[in-house]
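Here is a short briefing to read alongside the model. Have the sequence and the 3D view open, and let's walk through it together.

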Amino acid sequence: MHLHDPTHLFEGEISPKTEKIARVVSIVTQPQVISLVLYALICLVCSDVMEFLKVYGICVFFGCVFPIIEVLAYSKKFKEKDGDISRKEDRFMPLLLGVISYALGVAALYLADAPRIVTVLMVCYVFVTLSFLFISPYWKISLHAVGTIGVNMAITIAFFPWGLLLYLLVPPICWARYILRKHTPAQMVAGVIDGAVISAIVFVILL
């Protein structure tokens, strides 16, 4: 079974310079990589430096380090050259391990008595990744497109209105993934909507 996608991959030609820029944007904005910076921003809600280091360390390990390691391992296994896992059929196990890692992160943040918004953010990662786990066998929905949404919403809540500036990251991320022929417009829009809706529901219920 495959979901119908009325849009198509990019079919135009681009210059080597444009392709290089798109690849840099794509690598830097991988969900696990960009989260290193975004987690640091949301952890500014911590009461002191020691709490910041503790909470940020938990976020980095369960939200970035372990997911990066397992994505790179599966990327190598499937002989991908750019650190991606391109085929939707190959994404199930990496996504499942991501769900487990984020769930462990939720538990660790709860036990560490982390600020509630940080713990709830990690819960968002659990449910958004879980949704991708069920969608990916049928459609290659964009993980890059959703990668900043939950964190952006948390930072916006904590530091309104300045957090809204982070949404400026979404267009260049989608542009890079489209130019590199990784996703169709529909797949990227679906990723953004999926992340926004699920994250909003989680924040409304738990905050």
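A search of the whole structure turns up one cavity of 30 Å³ or more. A cavity here is a set of points, on a 1 Å grid over the protein atoms alone, where a 1.4 Å probe fits but cannot get out; its volume is the space filled by probe spheres set on the points, with grid points joined across faces, edges and corners. Please keep in mind that this is a predicted model, in which local features need pLDDT of at least 70 and side-chain atom pairs count only at pLDDT 80 or more, while totals for chains, interfaces and linings use all residues. Residues are numbered from 1 along each chain as its sequence is written, and side-chain values use heavy atoms, with hydrogens and water left out.

- The largest cavity holds about 490 Å³ of space.
- Its lining has 31 residues, and the closest to the centre are Pro31, Gln32, Leu95, Tyr102 and Leu143; a lining residue has an atom within 4 Å of a point.
- Helix α5 gives the most to this lining, with five residues; helices are DSSP runs (H or I, at least four residues), numbered from the N terminus.
- Other elements that give two or more residues include α2 (31-42), α3 (49-77) and α4 (92-111).
- By class, the lining has 15 nonpolar, 12 polar and four charged residues. Ala, Val, Leu, Ile, Met, Phe, Trp, Tyr, Cys and Pro count as nonpolar, Asp, Glu, Lys and Arg as charged, and the others, Gly among them, as polar.

**Surface patch**
- Val189, Ile193, Val197, Ile201, Val204 and Ile205 form a nonpolar surface patch with about 580 Å² of accessible area together (Shrake-Rupley method, 1.4 Å probe).
- Patch members have over 30% relative accessible area and no salt bridge, and nonpolar side chains are joined within 5 Å.
- Val204 sits in helix α9 (residues 185-206) and is exposed, at 68% relative accessible area; exposed means over 50%, buried under 20%, and partly exposed in between.

**Salt bridge**
- The count comes to one salt bridge, defined as a side-chain nitrogen of Lys or Arg within 4 Å of a carboxyl oxygen of Asp or Glu.
- Arg23 pairs with Glu19 at 3.0 Å, N to O.
- Both lie in helix α1 (residues 16-28), four residues apart, about one turn of the helix.
- Arg23 is partly exposed at 36%, and Glu19 is partly exposed at 31%.

**Helix α3**
- Phe61 lies in helix α3 and is partly exposed, with 45% relative accessibility.
- Phe61 and Val49 are 12 residues apart in sequence and 18 Å apart in space, C-alpha to C-alpha.

Terms used. Patch = residues over 30% accessible without salt bridge, like charges linked within 9 Å, V, L, I, M, F, W, Y side chains within 5 Å. Buried < 20%, exposed > 50% of the residue type's maximum accessible area, 1.4 Å probe, protein only. 1 Å grid on protein atoms, 1.4 Å probe; cavity = no way out; pocket = protein on both sides within 12 Å on 5 of 7 lines; lining within 4 Å.
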